[in-house]
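Below are some notes on the structure you asked me to look over.

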Amino acid sequence: MTGNNLTDLWYTDEHTRNVRFSMKVTEQIASKKSKVQRIDILDTPAYGRVLCLDGGIMITERDEFIYHEMLAHVPMAVHPRVKNVLVIGGGDGGTVRELCKYKSIETIDLVEADKDVVLLSKKHLPFTSSKFKDKRVSVWFEEGLRFVRGKKNEYDLIIVDSPDPYGPAEGFFTREFYGTCYKALRDDGILINQHESPFYDEHCKSVRDAHRHITLEFPISTVYQAHIPSYPSGHWLFGFASKKWNPIGNLDEARWNKLRINTRYYNTALHRGAFALPNYVLDMLHEEEQAAFK
């Protein structure tokens, strides 16, 4: 953070070597160096409470609903029988909060490597952490790849709600990890992962690597998008991979709308539109698909 006095504090997130995103800070709520990473929680006038890990924005109170709704509701509107869910990462609780809106879900395993993220979120981020007490939720403080290696044919849905692919989260963007997730899913299971931004060169490699590796493991592999103001470029991608379900062909709008799930961003019309990608993104994905099967 920068500033000459307590009334002039600014937090800056370096989106790239040449692009910075800054917001005014009214108070630093918490700061801790855990065994895994540095955790900061800030109060800001424009974005409300902000969670930062190792100096990068993870979620903000103002726009986190976009990210978490697109992780959770896209697969839930496609797969008609999701009962057992694994969330890898997501220690702030936002993805769990969205999943708990479905009475049909029986169990949610949340695997978070950093216990302090969960503890600080429970204390300072009630808008995301409100459903940790749901009786269907089990929290495991363990490295995600190690946890999922021990699972076979166990989950209907796996959501990889991981930080950016640096440091402790780097392993979540490898072919080994996606192959392990494939084995942990049931025969009609779905894998959702945050895919980074396609806009800046510094982030493109993560997009390319993830799509190439997932394409090699899953018969159905595609990408969808959302617009999240606090994330690099504001243009964010998610991966949708499945053993059976097509995210457009198997979208059951009538079934999902009948549930009357309360959302602020997601709806089934937007669901269809989210898979209509710009040409520069389509070209990037096509290049990786060709490279995967050479």
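1. The model is predicted. Its largest nonpolar core holds 54 residues, and those that touch the most other members are M70, L99, L157, Y224 and F238. Helix α1 (residues 64–76) supplies eight residues, the largest share of this core. Both domain 1 (9–60) and domain 2 (64–292) contribute residues, so the core lies between the two domains.

2. F238 deserves a separate entry. Leaving aside neighbours within four places in sequence, F238 is in contact with Y67, M70, L71, N193, Q194, H195, T222, V223, Y224, A226 and I228. Two of these partners, M70 and Y224, are also listed with F238 among the core residues that touch the most other members.

3. There is also a second, separate core, made up of 19 residues. L86, V148, L185 and I214 are among them.

4. On the domains: the assignment for the protein chain gives domain 1 as 9–60 and domain 2 as 64–292. Their centres, taken over C-alpha atoms, are 23 Å apart. Contact between them involves 21 residues of domain 1 and 22 residues of domain 2.

5. How much area is buried between domain 1 and domain 2? The figure is about 2,000 Å², and carbon and sulfur atoms give 67% of that area. On the side of domain 1, H15, M58 and I59 supply 26% of the area buried against domain 2, more than any other three residues.

6. Four strands form an open sheet in the order β3-β4-β5-β6, with antiparallel pairing. Which strands stand at the edges? They are β3 (27–33) and β6 (56–60); each has a single partner strand, so one side of each has no neighbour in the sheet. From one strand to the next, the twist averages 20°.

7. Within that sheet, β3 and strand β4 (residues 38–44) run antiparallel and are joined by six bridges. K33 stands opposite R38 in β4.

8. P229 sits in the loop between β12 (220–227) and β13 (235–242). Is P229 buried, exposed or partly exposed? Its relative accessibility is 46%, so P229 counts as partly exposed, the range between 20% and 50%.

9. P229 and T60 are 169 residues apart along the chain, yet 9.8 Å separate their C-alpha atoms. Not counting residues up to four places away in sequence, P229 touches F21, Y47, D63 and I66. Of these partners, F21 and Y47 fall within the bounds of domain 1 (9–60), while I66 falls within helix α1 (residues 64–76).

Technical notes
Residues numbered from 1 in each chain as written. Predicted model: local features only at pLDDT ≥ 70, side-chain atom pairs only at ≥ 80, totals over all residues. Heavy atoms only, no water. Core = buried A, V, L, I, M, F, W, Y, C linked by side-chain atoms within 4.5 Å. Buried < 20%, exposed > 50% of the residue type's maximum accessible area, 1.4 Å probe, protein only. Helix = DSSP H or I, 4+ residues; strand = E, 2+ residues; numbered from the N terminus. Domains from an automatic or database assignment. Contact = heavy atoms within 4.5 Å. Pairing = 2+ DSSP bridges. Axes fitted to C-alpha atoms, helices over the stretch in contact; angles between N-to-C directions. Buried area = accessible area lost by both parts, 1.4 Å probe.
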